[in-house]
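User: I am new to this structure and would like to go through it piece by piece. Could we begin with the loops?

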Amino acid sequence: MGDVVSNESLANLLKEERRFAPPADLAANANVTAEAYEQAKADRLGFWAEQARRLTWATEPTETLDWSNPPFAKWFADGKLNVAYNCVDRHVEAGNGDRVAIHFEGEPGDSRAITYAELKDEVSRAANALTELGVRQGDRVAVYLPMIPEAVVSMLACARIGAAHSVVFGGFSADAIAKRVADADAKVIITSDGGYRRGKPAALKPAVDDAVAREDSSVEHVLVVRRTGQDVAWTEGRDVWWHELTERQSAEHTPEAFDAENPLFILYTSGTTGKPKGILHTSGGYLTQAAYTHHAVFDLKPESDVYWCTADIGWVTGHSYITYGPLANGATQVMYEGTPDTPHQGRFWEIVQKYGVTILYTAPTAIRTFMKWGDDIPAKFDLSSLRILGSVGEPINPEAWMWYRKNIGADKCPIVDTWWQTETGAMMISPLPGVTETKPGSAQRALPGISATVVDDEAREVPDGGGGYLVLTEPWPSMLRTIWGDDQRFIDTYWSRFEGKYFAGDGAKKDEDGDVWLLGRVDDVMLVSGHNISTTEVESALVSHPSVAEAAVVGAADETTGQAIVAFVILRGTANADDEGLVADLRNHVGTTLGPIAKPKRILPVAELPKTRSGKIMRRLLRDVAENRELGDVTTLTDSSVMDLIQTKLPAAPSED
């Protein structure tokens, strides 16, 4: 394989000349200044030791990093702390018990404001409840809940007693639950009768009942939160109502300090073999980096900011930037149960206006959806409280970045485009809002204390203007420690491609300034007539056309060119999907933007794209359609009927220009 992106396409794409300096008032009062880069460069381990001191330790660590057995790292290994104490109790002890920790907004419109003092009591009762059910340090607890406060309480209660949680996204099937529960050997599952989704109750407990009924289930108890009031099947002796168990517990619980390397959570991510990978994160290093990056990248002022991360608790973003990072920093945050279009397409902006949200962290998929709905929707709401905007989950197209800045950020809010993974645990590459002159579409540079670069096939660092593979060259505090129960798979998956380097699986390029541009998974690189072309490049070119709101591009097998570029596009409201001239115009637009080699062979306007419940586009399914194959698994899609509509509309390939 050659470089991930061709020099021809690099030369065309890397002409982003728009620049946005930090607002003067933000730069003058920023939590983190440019000096942090120099400090970390001069003494990387000393820098991380200083960040660890932002936490409260029962036993202060004397050793920062043990890298004696790479790739198995230990950070702050002789230190002891309690993660839940750091997220809750210490803020109460510091006199901030009356500060709101969570503004919960239910989809039907019900709301709760939970202070740090109230959160401490709830977490203590839940910790006592889990102890009554026999959960001890080292046990695993599965969590299968909607976006309700009990999800955060459950995670913190596990951390408080030293048990590892394994959160399973509330949209997954019984099969997915069963596999994850069996792999983690979970003792208890915490679930609910259901949650609200698009205006109606959606049941959750039946999937848990199905998963737990299987022969290999290790589950002793199912703890059930009452959220919707739906009728649920009940197994006496196994099933327990959350409210009945927690309400009889004491609100006092003394947190025990655990080793910094005590397992905090297992989070499963897709594996190429089909068996999910249980990513293991531990306590001290993870919390250090989650808290520091939340403080630095969002410039959080806990006394005045209202922060909102729109992710689901079932993904790593919900772990690091809803539960652990914000609460360790004493933040006030919004937690929303529902979808962006229920009961109307202005729901997000209504919430920003209601709570005076100052920091918003969301996904490019959501931003492109908002673009499709039209500029007039956010314009109806007062978004003047916003001061920082964040992006997470996949590379953001420059035009989506610009729309976000203009229509949500009033052309004044810095955008922090963050790159990281389930495996990295916390942000790795991002602008700093008080330091960085930002560029639309670029994550720009590694954060202080992080060593990341782009290499070619031979592991040589590429020059500015070159493309290749994103690698991490030094260990970092929040790194995964292993794949649960499979050390060899951990080595083979992440450390075997380039000796001594962590390979993220993502393609990237450096522009002439040395800033990093993410190109998505290496799997999403197409080989067309000997040229490596990133799907992200072609998608960005399509979205830069005024008629296109969102695009997904795949490479389909082609006898002539090896792979042919097939594009699926969602048009903006005024564009006509039946306009044959528009498809030709789009092909020519890509050719002009990236070069003739990057012109899609087929372009198909569609009403929707197949997306998982976390908002990721399932390009694998689009590739199945483009190659006339039987569709693969569609169970994780938000709406599987989308694929039927796409399959019936795929046109024949046009003649070549």
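User: Where is Asp411 found?
Analyst: Asp411 sits in the loop between helix H15 (398-408) and strand E20 (415-417). Please keep in mind that the model is predicted. Phi of Asp411 is near 60 degrees, which is a positive value in a residue other than glycine.

User: Is Asp411 buried, exposed or partly exposed?
Analyst: Asp411 has a relative accessible area of 43%. Buried means under 20% and exposed means over 50%, so Asp411 is partly exposed.

User: And Arg198, what is its phi?
Analyst: Phi of Arg198 is near 55 degrees, again a positive value in a residue other than glycine. Arg198 belongs to the loop between strand E9 (194-197) and strand E10. With a relative accessible area of 45%, Arg198 is partly exposed.

User: Another loop residue, then. Where is Arg227, and what does it touch?
Analyst: Arg227 is in the loop between E11 and E12. Not counting residues up to four places away in sequence, Arg227 touches several residues, among them Phe104, Glu107, Asp110, Ile148, Asp193, Tyr196 and Glu337.

User: Buried or exposed? I mean Arg227.
Analyst: Arg227 has a relative accessible area of 18%. The limit for a buried residue is under 20%, so Arg227 counts as buried.

User: Now the peptide bonds. Which residues does a cis peptide bond join?
Analyst: Pro71 is in the loop between strand E1 (65-69) and strand E2 (72-75). A cis peptide bond also joins Thr342 and Pro343, where omega is about 5 degrees. Pro343 is placed in the loop between strand E17 (332-336) and helix H13 (347-355).

User: What is Leu156 in contact with?
Analyst: Leaving aside neighbours within four places in sequence, Leu156 is in contact with Ala84, Cys87, Val88, Leu119, Val123, Thr323, Tyr324 and Leu327.

User: Let us turn to the helices. How many residues of H9 are buried?
Analyst: Six of the eight residues in helix H9 (residues 205-212) are buried, so the helix is mostly covered. The buried residues are Lys205, Ala207, Val208, Asp209, Ala211 and Val212.

User: What do those buried residues pack against?
Analyst: The buried residues of H9 pack against helix H8 (174-184) and several strands, including E6 (140-144), E8 (188-192), E10 (200-203), E11 (221-225) and E12 (239-241).

User: Where does Ser124 lie, and what does it touch?
Analyst: Ser124 lies in helix H6 (residues 116-132). Ser124 is buried, at 0% relative accessibility. Apart from residues up to four places away in sequence, Ser124 touches Arg160, Ser250, Ala251, Glu252 and His253.

User: Last one: at what angle do the axes of H3 and H4 cross?
Analyst: The axes of helix H3 (residues 35-42) and helix H4 (residues 44-52) cross at roughly 120 degrees and come within 5 Å. That angle makes H3 oblique to H4.

User: Which residues meet there?
Analyst: Ala36, Gln39, Ala40 and Ala42 in H3 meet Arg44, Phe47 and Glu50 in H4. The residues of this contact divide into four nonpolar, one polar and two charged.

Terms used
Residues numbered from 1 in each chain as written. Predicted model: local features only at pLDDT ≥ 70, side-chain atom pairs only at ≥ 80, totals over all residues. Heavy atoms only, no water. Axes fitted to C-alpha atoms, helices over the stretch in contact; angles between N-to-C directions. Helix = DSSP H or I, 4+ residues; strand = E, 2+ residues; numbered from the N terminus. Parallel < 35°, antiparallel > 145°, perpendicular 65-115°, else oblique. Contact = heavy atoms within 4.5 Å. Nonpolar A, V, L, I, M, F, W, Y, C, P; charged D, E, K, R; others polar. Buried < 20%, exposed > 50% of the residue type's maximum accessible area, 1.4 Å probe, protein only.
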